[in-house]
Amino acid sequence: MDASVKRGHDAAESGAKDRTILAVLGATPVFSEAIHVGRPNIGNRQRFLERIETMLDRRYLTNSGPFERELEQRLSGMLGVRYCVAMCNATVALEIAIRALNLTGEVIVPSFTFVATAHALQWQQITPVFCDIDPLTHNINPRKIEHLITPRTSGILAVHLWGRPCAIEELQAIADANGLALLFDAAHAFGCTYGTRKIGGFGRAEVLSFHATKFISAGEGGAVMTNDAALAERMQLMKNFGFAGYDNVISIGTNGKMNELSAAMGLTHLESLEEFARTNRTNFETYEHNLGGIRGLSLLRYDEENSPNYHYVVVEVDAREFGLTRDQLVRVLHAENVLARRYFYPGVHRMEPYRSLFPDARHALPETEAVAERVLVLPTGRGVTTVDIETICRIIRYAAENRGSVARALKETQQK
Ligand code: T4K
């Protein structure tokens with residue numbers, strides 16, 4: 001029996017269903033092992049091992065190897081985008097795309113994202129100018145962009161958060177009207193669409209992540225997708241120190257190459273894409289069914305029209321209605337070994353170096369601040385079972401129903 005399946009059975013058999021007490025109220029944690037957000041999806045082991053054998057046989061481990069090139073071709077074909085430049089991770093891919101696009105000065109970016117989005121700019125002395133989000137979509141709010149544009153602004157870096165596409169047309173119109181480059185951080189959006197068009201082909205370029213915790217993983221990995229031949233060529237050079245051939249360096253560069261081990265894993269996981277998507281969807285529906293009717297707790301919905309990958313199960317906690325704050329609920333879940341995450345708390349503007357550089361940023365980011373206090377990401381993927389999810393939902397429901405005693409117990413433990 002798969003470890004996670006066994007764990008689910010244990011939880012069910014140990015009476016999780018009828019538990020009248022939570023770990024924060026003194027009971028034994030319902031899960032004996034931690035349940036993580038971001039447990040990697042693992043594809044066909046045999047196919048992966050065969051590829052590793054092939055890699056060893058041909059003694060080609062990195063530097064534009066056959067698997068890396070095959071992955072680039074597969075991704076271009078699949079997403080209908082002319083060029084794909086595979087990289088070692090999405091952070092370096094963002095840095096290289098930003099540099100190859102000649103972005104300078106200031107770039108407008110949401111603060112409600114993983115810190116890498118802003119770091120990729122600041123790392124190269126480009127100022128991230130934080131823009132507020134739309135509280136419904138959690139994506140950058142196009143209506144808040146124009147007043148942030150200054151003579152130093154060179155681009156907009158938008159994020160398709162949770163795999164839900166940004167307001168792409170509005171963003172493109174603003175970029176065009178102001179002569180700005182539009183770049184997308186599509187780290188969450190692999191396999192998703194904007195209506196009928198696949199994410200990957202919008203703006204000047206889009207950046208994908210194949211980190212271990214992502215929908216399709218290469219262990220570590222990323223890629224930049226673009227329809228611009230000259231841009232793709234610049235990025236291919238930049239990811240390999242600027243080498244155009246033996247002993248011939250023709251541009252500034254770094255080491256952004258994807259190694260063959262990662263490419264082999266990426267290719268293998270691509271073959272399981274539909275299976276992973278099905279699991280994510282079933283998990284999402286299990287959460288939807290079991291969290292229904294809990295006051296003050298809302299599950300972030302996906303629009304079928306945009307072919308969601310359902311890779312993130314995101315809930316928002318309205319503390320007044322729910323009776324506990326999001327952070328109190330996190331403590332309840334962590335006590336049960338359910339390591340729910342507060343992505344992307346507290347907002348990049350409250351992390352260093354941005355907190356020191358822009359101490360007043362929060363005044364212009366009211367929606368970011370509010371959403372960062374409400375959001376909680378729950379475990380999904382193939383590492384959790386339906387029974388695990390039902391148990392997690394029961395914990396949440398029970399906490400809501402016993403909010404008074406839970407709040408008192410949490411206060412007492414905090415005072416100790
Ligand atoms: N843009 C956006 C919008 C992003 O979300 C990200 C990355 C990037 C850009 C940059 O992409 P990359 O350069 O990474 O390709 C994690 C990931 O490290 C990060 O890739 C991801 N976003 C972010 C949302 O989540 P942490 O700091 O939360 O990771 P960590 O180590 O806490 O891992 C999450 C959980 O997953 C752990 O509790 C344990 C579990 N886990 C993790 C790994 C790596 C496993 O069970 N096995 C594993 O192998 O950032």
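This is a predicted model: local features need pLDDT of at least 70, side-chain atom pairs count only at pLDDT 80 or more; totals for chains, interfaces and linings use all residues.
User: Thanks! How should I read the size of the interface between them?

Analyst: Interface size is often expressed as the accessible area lost when the parts come together. In this case domain 1 and domain 2 bury about 3,100 Å² between them, with 67% of that on carbon and sulfur atoms. In contact terms, 37 residues of domain 1 meet 35 residues of domain 2.

User: How many salt bridges and how many residue pairs in polar contact are there between the two domains?

Analyst: The salt bridge count is zero, while 18 residue pairs are in polar contact, both residues being at pLDDT 80 or more.

User: Which element gives the most to the side of domain 1 that touches domain 2?

Analyst: Helix 13 does, with six residues. Elements supplying at least two residues each include helix 9 (273-291), strand 14 (313-317) and helix 13 (366-374). By class, this side of domain 1 has 23 nonpolar, eight polar and six charged residues.

User: And the protein as a whole?

Analyst: The protein has 15 helices and 16 strands. Its radius of gyration is 22 Å, close to the 22 Å that the globule rule gives for 416 residues, so the protein is as compact as a globular protein of that length. Along the principal axes, its C-alpha atoms fill a box of roughly 70 × 55 × 40 Å.

Notes:
Residues are numbered from 1 along each chain as its sequence is written. Side-chain values use heavy atoms; hydrogens and water are left out. Contact means heavy atoms within 4.5 Å. Buried area is the accessible area (1.4 Å probe) that two parts lose on being put together, summed over both. A salt bridge is a side-chain nitrogen of Lys or Arg within 4 Å of a carboxyl oxygen of Asp or Glu. A polar contact is a pair of N or O atoms within 3.5 Å; within protein, one must be able to donate a hydrogen and the other to accept it, and residues adjacent in sequence count only if both atoms are side-chain atoms. Helices (H or I, at least four residues) and strands (E, at least two) are DSSP runs, numbered from the N terminus. Ala, Val, Leu, Ile, Met, Phe, Trp, Tyr, Cys and Pro count as nonpolar, Asp, Glu, Lys and Arg as charged, and the others, Gly among them, as polar. The radius of gyration is taken over C-alpha atoms; the globule rule is 2.2 Å times the number of residues to the power 0.38.
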